[in-house]
Every structure is written in C-alpha cells, then in structure tokens.
Amino acid sequence: MSLGGLEEKKYVDALLCQRLRCVNIDPSIVEFVNKYSKGNPFVCVEVVRTLSDRGMLEYKETLSSSTTGRLGTCILAKGVILRNLKLPTSIRSLLTMRLDHLPASELLVSKLASVLGVQFDREALFHIFEVEGGGAYRFGSALLSLEKKGIICETTGVYSMLQFTSPMLQEACLRTMSLELRASIHLNIAAYYEKVLLEMEYSPGDKVTEIPVPGENDSNPLQSPRRRGGSKDLSYYRSPFEQVGWHCTKAVLNSETCPVEAAENALQYLASRMNNLKEDCPEPVRKKFISDAVSIGRRYESALSILLQDDFQGKALWNIIHPKIQVNVCIYPEMAICFSLGGAKNYEERWYMPL
C-alpha cells in the first residue's frame, strides 16, 4: 500500500507549527521544507528538527502566544542560509539502506547520475556508464529498473532528460562516494562535453542548444529540479562549453591531483561566471565564486597564468583573488609563469619579479 504525501503547503505549515509548538511559522521555512520533503511527513519532521537542533530557528513573541501557551512566530536565525543545510543523518541513513539493496549496475547508474546532478542528460549518463566499465548492454535495463523503483524518472517534454524523483536521493547517492572518486567522474564528464564541443565545432561565442546541468549549488538537495517546458527560467541550463568548466571546477575542488588543464578550465569558467553576475546577485553567491577561485589558485598555482592570458574577465578575477592567495606572476612575451611569493614588498614588484 502506497501512501501519498502532504499535497498542500497549508498541511505542512500545520504540521511544523505542531512539532515546534509555535503559533505561526515563516512562509520561507514552510516553502523550504515542502520542497525538500516533497510532502513526506517524516522528512518534514526530521528537517525541522535538524533546523531547531542546530540553532537555525528563532521565535518572536506575539499576543496569541501568551494566551495559547505556545511559542511565538518561528523565523530563521540571523545569517542562516537554508540551501546550505545538509541531509539529516536519520534520513541519509534510511536512503543509504535503500541504495545498498540495489544491484551493482543500478547502483553504478545512480551514483554516476548523482554526479551529473538532480537533473541530467541521458546520453551523458550512458557515456560515463561505459567509461566506468558498466557495459552498454546493462545500461538500458538498469535505467528501466530504477524508473520502476521510483528513483529516477523522465522530465516533462524532453525524452533525453532524466531526473531523480527526489533531490534527497541525489545527495544520498553522491555522499556514498569519496571526493577523489567524484573528481574522477567529473573529469570524465568534462571530457565527454569536450568531445561534444569538437563535434559541434563550437566556440564560446556560438549559439548552441543548451543542455541542463546543476546550478551553482548542484549538490544541494534543497533545489528542486526545474523542468524544460514547465518553466521559462533557463538559468538552470548551461551550454556544453560551460558544462566543461563547471565539471572541471567540481573536480579540482574535490581533488589536489587533477591535471593542470582542468584547473585552468575551472578558473576560466569562474572568471566568466563572475563577469556575468547580475548587480542584484546575492552576496553569498559572489563570495562562493571567489572562495572557489582562491581554493583552486592555492592548490594549482601553475594554472593561475591562464587568467593573465585571458581577456578582461580573467584579469578581473585575478585582481580579486591575488591578495588572498599570495602568489607571484611574471609576464613573458609568450607565456606567464607562476611561482610562490618570495620576498616582494609591493604589488608591482610581485607582478614583474624575475626568476
């Protein structure tokens, strides 16, 4: 017997108020929990319990709270960003147990798909499945079985697009793998999209059919997958050129042993994204791009020269991250060479300091 979830947000609102013993609750919290849980009462309770236990919630006294004996209006604590919440341990354990019972080929498909994101391209998944030794003949049956088990489903209107039935399943699959393994898979995915670019004879300025990939918080289970045809917001989609940069970025952030070329692609991608940010872009998003660039620059110093060979957007990112990573770059007619800072006292001296 299959039981449905809470179909309307008002029921989620009532459940959360009951569990928190409050009079009212901030609508943004209800919206967040509803999207996260897909209306599953158990997940609703576990998520709000996690928020409460971690001190992410506060209460404002109201007139009705004094008469009912309940707490006031539940709101988010200052500085809390809901999308940063990780899957509660209790839910992750249950999902992991479910995944552990999958046959090997189905588990491999699930893990590879989770690296692609909540929503992913069927052809990309098939290619990575072959590269990882899954065997082409097993792919179709494994995918069909996962659809029957309610783990993966097709998106509306596009046959080639698939998605996890729940963002929680995607995160649970992702967290069963080590960071090094994820980095390896990201590099294989980037190689696949580089091949796509070559076949398309694509250059960054060309207009091409956009392919969905995760957004900036791809591994975040709180983001519901957008559906092509269901929304006119195409910010969720990235061109194949951007796919390469995005997956290279994820790879070098997860590993310190990636090829330098991957780090160069990642820095170029971050420079492009920084340059295209809108003025009203949330500050945490901007800071995330900068912190990622700094992290990559510190661990892959030799890749930093790509920013100075790039156009304006590359140099703009360099000017932001240079004071934070303390490296020195010498400019030669045909190449830029990076090396660790060694005694230079001012910016100009660091910039042109000879070997």
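Trainee: How many contacts beyond four places in sequence does the model have for residues 205-236?
Mentor: There are 86 such contacts (heavy atoms within 4.5 Å). Over residues 205-236, pLDDT stays under 50; pLDDT is the predictor's confidence in each residue, from 0 to 100. This is a predicted model, where local features need pLDDT of at least 70, side-chain atom pairs count only at pLDDT 80 or more, and totals for chains, interfaces and linings use all residues. Residues are numbered from 1 along each chain as its sequence is written, and side-chain values use heavy atoms, with hydrogens and water left out.

Trainee: Where else does pLDDT stay under 50?
Mentor: Over residues 330-355, for which the model has 55 contacts beyond four places in sequence. Where pLDDT is low, the predicted coordinates should not be read in detail.

Trainee: And in which helix is confidence lowest, and in which highest?
Mentor: In the protein chain, helix 16 (residues 347-352) is lowest with a mean of 36, and helix 6 (residues 104-116) is highest with 93. Helices (H or I, at least four residues) and strands (E, at least two) are DSSP runs, numbered from the N terminus. The chain as a whole averages a pLDDT of 76, and 75% of the residues score at least 70.

Trainee: Sheets next. What is the order of the open sheet with mixed pairing?
Mentor: Its 3 strands come in the order 1-3-2. Two strands pair if DSSP finds at least two bridges between them.

Trainee: Which strands stand at the edges there?
Mentor: Strand 1 (22-25) and strand 2 (57-60); each has a single partner strand, so one side of each lacks a neighbour in the sheet. Strand 1 runs parallel to strand 3, joined by 3 bridges, with asparagine 24 opposite threonine 73. Strand 2 pairs with strand 3 (residues 71-76) in the antiparallel sense over 4 bridges, and glutamate 58 faces isoleucine 75 across that pairing.

Trainee: What packs on that sheet?
Mentor: Helix 2 (residues 27-37) does, touching strand 1, strand 2 and strand 3. Its direction makes about 65 degrees with that of strand 3; axes are lines fitted to C-alpha atoms, for helices over the stretch in contact, and angles run from 0 to 180 degrees between N-to-C directions.

Trainee: What about the sheet in the order 4-6-5, parallel or antiparallel?
Mentor: The pairing of its 3 strands is antiparallel. Strand 4 (119-121) and strand 5 (152-154) stand at the edges with a single partner strand each. The twist averages 35 degrees from one strand to the next. Strand 4 and strand 6 (residues 161-164) pair over 3 bridges, and glutamine 119 is opposite glutamine 163. Helix 7 (residues 122-131) lies across strand 4, strand 5 and strand 6, at about 75 degrees to strand 4.

Trainee: At what angle do helix 11 and helix 12 pack?
Mentor: Helix 11 (residues 240-254) and helix 12 (residues 260-275) meet at about 115 degrees, with their axes 8 Å apart. Residues making the contact include Trp246 and Val252 of helix 11 and Tyr269 and Leu270 of helix 12.

Trainee: Last one. How far apart are the end C-alpha atoms of helix 10?
Mentor: They are 31 Å apart, which agrees with the 32 Å that its 22 residues (179-200) should span at 1.5 Å a residue. The expected span is 1.5 Å times one less than the number of residues. Its buried residues (under 20% relative accessible area, with exposed over 50% and partly exposed in between, 1.4 Å probe, protein chains only) include Arg182, His186, Tyr192 and Tyr193.
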